[in-house]
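Subject: Structure handover

Hello,

Here is the structure I promised you. Please open it alongside this email, and then read on for what turned up.

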Amino acid sequence: MAWIVKLVNIGAEGEAQATDVMEISRPDDLRNVADLGLTLSETKRLLAGLQHEMVAAQVRTHAVRRPTCARCAGVCHVKDYQDHAVATLFGRVTVRLPRFRCVACGGIEAGVDWPSHCRSTPELDQLQAHLCALMTYRTAADLLGQMFPVDTGKHHETLRRHTLKVGEALGECAAIRPETAASAIVVTLDSTFIRSCKDGERHLEVRVGNVETQFGGRQVFGAVAKADTDLQALIRRNLDAVGRTEDTALTAFTDGCPGLRRILADAGVAGPPTLDWFHIAMRLQHLKQIANGLPADDPARMAGKAVIVAEVERLHWRIWNGKAKDAQVSIDRIRAVMHHFKGEPDQRRSTAPARKLWTALQALDGYLTGQSAWLVNYAERHRAGLRVGTAITEGTANFLVNRRMNKSQQMRWSRRGADLLLQVRCAVYNGTLGSGFGQKFQPANDPYPPMATAA
Ligand SMILES: [Zn+2]
């Protein structure tokens, strides 16, 4: 049995013109399940055929129109025809378009508002960039080739070039301010690392962050250090995109890095950033795990362990309530019972868990001392319904950077390539790819993960 797929074009006066697009044939029985319905390769041919016919009809209709001159509004005549090869998601088409000359002033009219050197449709550009933001260039090229009758941009190098161009264009977008102003915005900034492809340069620093309003408006952003993207300007743009005004109260969170604090200050986020509770909570969690792993194989150790576990809990409570700027008190109290965790009586060395506890305690003390200026009363903020930090930044770093750029140790990046791809990834996450900057964010994950509010 066989089918003929016809495309019927309805003209302005309702007249119909039919074109055969494709013939499909099948055996007369269904003995082989592979003969059931359409195949992918037929679908690709069908789509390419439809695209071809549709474009041909559009070109025919376009060719009989005569634009008026943009300069003098005079009448235009056809000057010549030019071929444009345009890649579409459903195959490459060649479009023969007239160029016009104004009878009155001699000016040339194109008759179309296409971008200069237009070689692909915006939809294809956007889908390519979207896929490349989510998977490697090679995988994206393979996927496109498998699913669609695309015959240009199938090579991964081409996809890479296109995607970086989209990233560049995103950097030039201005923020679209939302209709409602935000009374408060929380800004977080963090950094992570990816491997560099340049000899003599091991890692590239990547700064990522997000801005959030109390009503769930959210944007993520990121930039590779020392690349072209101006992070300060990017932060300002993101603040604008979620409704920052002169009256907006800005709160910033970072990890302990002074470089990030400076960037926030330069971006106009005045007031000292708060040390993200998330970073402290992670260290306390680590300390608690070690304390719980201490041996309790005799009564003295059992008592000593109980003292240490309670002391770590107390330290947690004191930092949470803004009462500890270091861990010195805890260190002194724990030191008093540490001798129970020495090895056999004739050895001076402590057991491994005890040594680990001591190291972690000293590290936390060093961390708190270095960050003391940015510690706040987290309990008070929490009671007032204010954020104490955000695990979102960690999740954001994971999504924006690690999942695409760090997954394989083999993946190495150029500063520019990583920076521009990051712009595309942010746009994908923000839902703004291809629709202008600053569209409302659809949260992709739980806005309040447990770690952020853990007391
Ligand atoms: Zn004219």
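A pocket here means an open set of grid points with protein on both sides within 12 Å along at least five of seven lines. Please keep in mind that this is a predicted model.

**The pocket**

The largest pocket has a volume of about 1100 Å³. Its lining comprises 40 residues. Nearest the centre of the largest pocket lie Cys118, Arg119, Ser120, Thr121 and Asp125. Several elements give two or more residues to the lining: the helices α1 (40–63), α2 (122–134) and α4 (156–171), and the strands β3 (76–88) and β4 (91–102). By type, the lining of the largest pocket splits into 19 nonpolar, 15 polar and six charged residues.

**The salt bridges**

Side chains of opposite charge can pair when their charged atoms come close. A search of the whole structure gives 17 salt bridges. These are the ones to look up.

- Asp80 and Lys79: their side chains meet in a salt bridge, 3.2 Å from N to O. Asp80 is partly exposed, at 24% relative accessible area. Lys79 is also partly exposed, at 31%.
- Asp240 and Arg177: the closest N and O atoms of this salt bridge are 3.3 Å apart. The pair links distant parts of the chain, 63 residues apart. Asp240 sits in helix α5 (residues 231–241), and Arg177 in the loop between α4 and β6 (184–195). Asp240 is buried, with a relative accessible area of 15%. Arg177 is exposed, with a relative accessible area of 53%.
- Arg415 and Glu201: the closest N and O atoms of this salt bridge are 2.8 Å apart. Arg415 lies in helix α13 (residues 415–430) and Glu201 in the loop between β6 and β7 (203–213), so the pair ties together parts that are 214 residues apart in sequence. Arg415 is partly exposed, with a relative accessible area of 22%. For Glu201 the relative accessible area is 22%, and this residue is partly exposed.

There is also a network of salt bridges. Which residues does the network link? Glu311, Arg314, Arg318 and Arg333 are joined in it.

**Where to start**

Start at the pocket, with Cys118 and Arg119 among the residues nearest its centre. Then go to the salt bridge between Asp240 and Arg177. There, Asp240 is buried, whereas Arg177 is exposed. Finish with the salt bridge between Arg415 and Glu201.

Best wishes

Terms used: Residues numbered from 1 in each chain as written. Predicted model: local features only at pLDDT ≥ 70, side-chain atom pairs only at ≥ 80, totals over all residues. Heavy atoms only, no water. 1 Å grid on protein atoms, 1.4 Å probe; cavity = no way out; pocket = protein on both sides within 12 Å on 5 of 7 lines; lining within 4 Å. Points joined across faces, edges and corners; volume = space filled by probe spheres on them. Helix = DSSP H or I, 4+ residues; strand = E, 2+ residues; numbered from the N terminus. Nonpolar A, V, L, I, M, F, W, Y, C, P; charged D, E, K, R; others polar. Salt bridge = Lys/Arg side-chain N within 4 Å of Asp/Glu carboxyl O. Buried < 20%, exposed > 50% of the residue type's maximum accessible area, 1.4 Å probe, protein only.
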